[in-house]
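Work through the exercises below with the sequence and the structure open. Try each task before reading its solution.

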Amino acid sequence: MICLIKELVLMADEKESPKQSYLKRFQLHFMVAITFLFIIGNLSAVWHFHEEERLAIKMGRRISFDTSSRVLTFKDAPWSSLQFKGYLANNIPKGWLPLVCSADKKNVSKMCMRWKGIARVNLDYHQVGSLSCFNVKWDADNQNEVLRDCYISNLDWFGSSNTGDFQWPLQNVSYSHSPNYTFNDVNTFGHLSEHFWLSSNGIAILLNESTPFHVSWKKTKLMEMCINSKSNSISATENQMLGSSNKITEKPNPILRYRICYGRNIMDTYSTVRKYFSRNSTKKWPNVKMFEHPHWIAKDAGNELASMSTVVDLARELTKRNLSCSTMEVFGKWESEYGNLEFNEIHFGNISNLMKFMDQSCDLMLPIRPYIHHNSQRFSEGIEKNYFIMDAGGRVPGLVHWSHGVGAMLDASYTPAVDWFMQKLKQLQLDSRISSFHFTYDGNMSLPFQPHFKKGFHSGDLNQRFSEIMGAFSDKVVVDHVSHSQNSSVFVAVQSVIVSNDTSVCFTNLIEKSFVLGILGYPYIMSDGISFGDGTFANKIPNEIVYQRWLQASIFLPAIRFSVTPWSYSESVVENIKKLLAFRQKIVIPHLMGLKNDTLAGVPFIRPIWWSYPNDSDSLAIKDQFLVGDSILVAPLFCDQPSHRNIYIPAGIWEDVNKKKVVDGPMWLVNYTISITEVPYFNRMPQHKKVG
């Protein structure tokens, strides 16, 4: 065709002037160039979209995986990829592209990819209530492979750090989880062991605890959350069950299992996850005495041995100062030897006399531990009947070193051992009429190395089992550790920790841990005094300003326990403490009792502001204010100075009780002053209690 055009042009040239001929030639060359570029552009576009289609593996319109960049994009989510996206197969070399291994490539609910000789991943979509959920299942093809997925977001994330360092929202956290207890790791078995996290825009990540993994959260400008598989070694218990008594069976290939769900907003996702994926919330209301009055600790500073005189002296002082009491814990060694579960008669004499005296004031609470000291009279009986956790071989008890000596630990997986332990507790209860208990132990750092249980236990099973045992035994129980224990009506002790800087001394941990416990399904929280986290001030007490600020926040929690007595300070402090406790008795306790039905349905007493305002972006970032129910807003001070703070008032009409005025939210109260005698709280006006 181009040749024909040239021939016509030549014929025309013979009849036209040179200038006209040049113009015609220029127009021809220009048209040819444009046509060429158009053809090349179309070919490039076709190639580009073909290559993109070849490199993208899709699950219908739900998700898309770029096999080159390894980016996982959620297509039908109510947020953009800038807010949340995944980077899968991080440890597999970038040049290796996966093969599609789905049996039915037209199935828009399943996706399968395989890197031959390395690993295979399956993604399954399913609808759970109002949520869109994706199960991610990795299986390695060899023992040495490390599976690693990361997720990048510009969101805040809430949940357990599983390290004892409670952060709200999460900042920088790293821990390992081993379901088989093949090593001692304090991070794996801390005060709280749960593996569920929730984002500010309603994304939930849930890890399968039957597989070992390592999790890290790292906050810079964006939040990076990474999940690594870990060596799937066989526990001593499983090894024994497989019939090998002398050596550990060859470990299987690594696997990784987790689930990602999302809904309309944070509360939509939270409520659905709690309904379908969490254990049932407690259906039992604790003894009302646990709420009504403060709890106390009877301790003799510097003396491990507890005695009747310490208990009596504290009870008399409380009566003298007209301070009420729910329970008084005997701090220290009240047994003749740890594990005997019998009072030391030398230090306590006739326990009946003590109980008659205590009947006039409050209940006596005893610390109970799952350890049996090697000098205990119960030790030989436990060994003879195999009631203790065994060592890796499963033939002899695994001795443990805990904070009070050397001994053995009760095997909570073995029903006869639990029955034996409960029988001793019931006898103690019968002899002494004591029904309040504080179950405490040192966590997995006091477990034998590669412990052998009668039944296969996973991480957190001991926490769960101990909470269930004690919760079934009494309705007045405090525990230090929980894991999947939402169906037990036990109180969880939350201790505030002193921190300081160049200008002030503050307490922390109380609100952060209360929030985490609340969203994980543990509503019964006890504000359990104040400690110095580094241990360097073990024999000191917090200054009087911090002490009173701590109580201003604590009086709104379900229970309070004093680790330091008010009369350790001046009389003015004692009088202020009495006024704060009177306020709790008059205002807070009736309000808490009115939340009973909500609590039995799994809703916490202490709630972050976003609980009632999930679409309020300001409320999502607030970690130093809280709601009690949905109608009391509390904004404490946490430091001895300054005496003012900024307070966020969410939507609605609120009564500022201290200033005796009405506040119309949403708004910020800047430099709001809170005196040492005031209780910093706001009441939502009745006609505005419903959230729009």
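A disulfide is a pair of cysteine sulfur atoms within 2.5 Å. The model is predicted: local features need pLDDT of at least 70, side-chain atom pairs count only at pLDDT 80 or more, and totals for chains, interfaces and linings use all residues. Residues are numbered from 1 along each chain as its sequence is written, and side-chain values use heavy atoms, with hydrogens and water left out.

**Exercise 1.** Find how many disulfides there are and which pattern they follow.

Solution. Step one: applying the rule gives 5 disulfides. Step two: with bonded cysteines counted along the chain, the pattern reads 1-2, 3-6, 4-5, 7-8, 9-10.

**Exercise 2.** Describe the link of Cys325 and Cys362.

Solution. Step one: the sulfur atoms of Cys325 and Cys362 are 2.2 Å apart, and they form a disulfide. Step two: the torsion about the S-S bond is 65 degrees, and the link is right-handed. Step three: the pair connects distant parts of the chain, 37 residues apart. Cys325 lies in the loop between α6 (308-320) and β18 (327-330), and Cys362 in the loop between α8 (351-358) and β19 (363-368). Here helices (H or I, at least four residues) and strands (E, at least two) are DSSP runs, numbered from the N terminus.

**Exercise 3.** Decide whether Cys101 and Cys112 are buried, exposed or partly exposed.

Solution. Step one: buried means under 20% relative accessible area, exposed over 50%, and partly exposed in between (1.4 Å probe, protein chains only). Step two: Cys101 has 23% relative accessibility, so Cys101 is partly exposed. Step three: Cys112 has 3%, so Cys112 is buried. These two cysteines form a disulfide with sulfur atoms 1.8 Å apart. Its torsion is about -85 degrees, so the disulfide is left-handed.

**Exercise 4.** Where in the chain do Cys133 and Cys261 lie?

Solution. Step one: a disulfide joins Cys133 to Cys261, S to S 2.0 Å. Step two: Cys133 is in strand β8 (residues 131-140) and Cys261 in strand β16, 128 residues apart. Step three: Cys133 is buried because its relative accessible area is 0%.

**Exercise 5.** Give the strand order of the open sheet and name its edge strands.

Solution. Step one: two strands pair if DSSP finds at least two bridges between them. Step two: 8 strands form the sheet in the order β5-β6-β7-β8-β16-β13-β12-β10, with antiparallel pairing. Step three: β5 (99-100) and β10 (157-159) are the edge strands, each pairing on one side only. Step four: inside this order, β13 (residues 203-207) and β16 (residues 255-262) pair over 5 bridges, and Ile203 stands opposite Tyr262 in β16.
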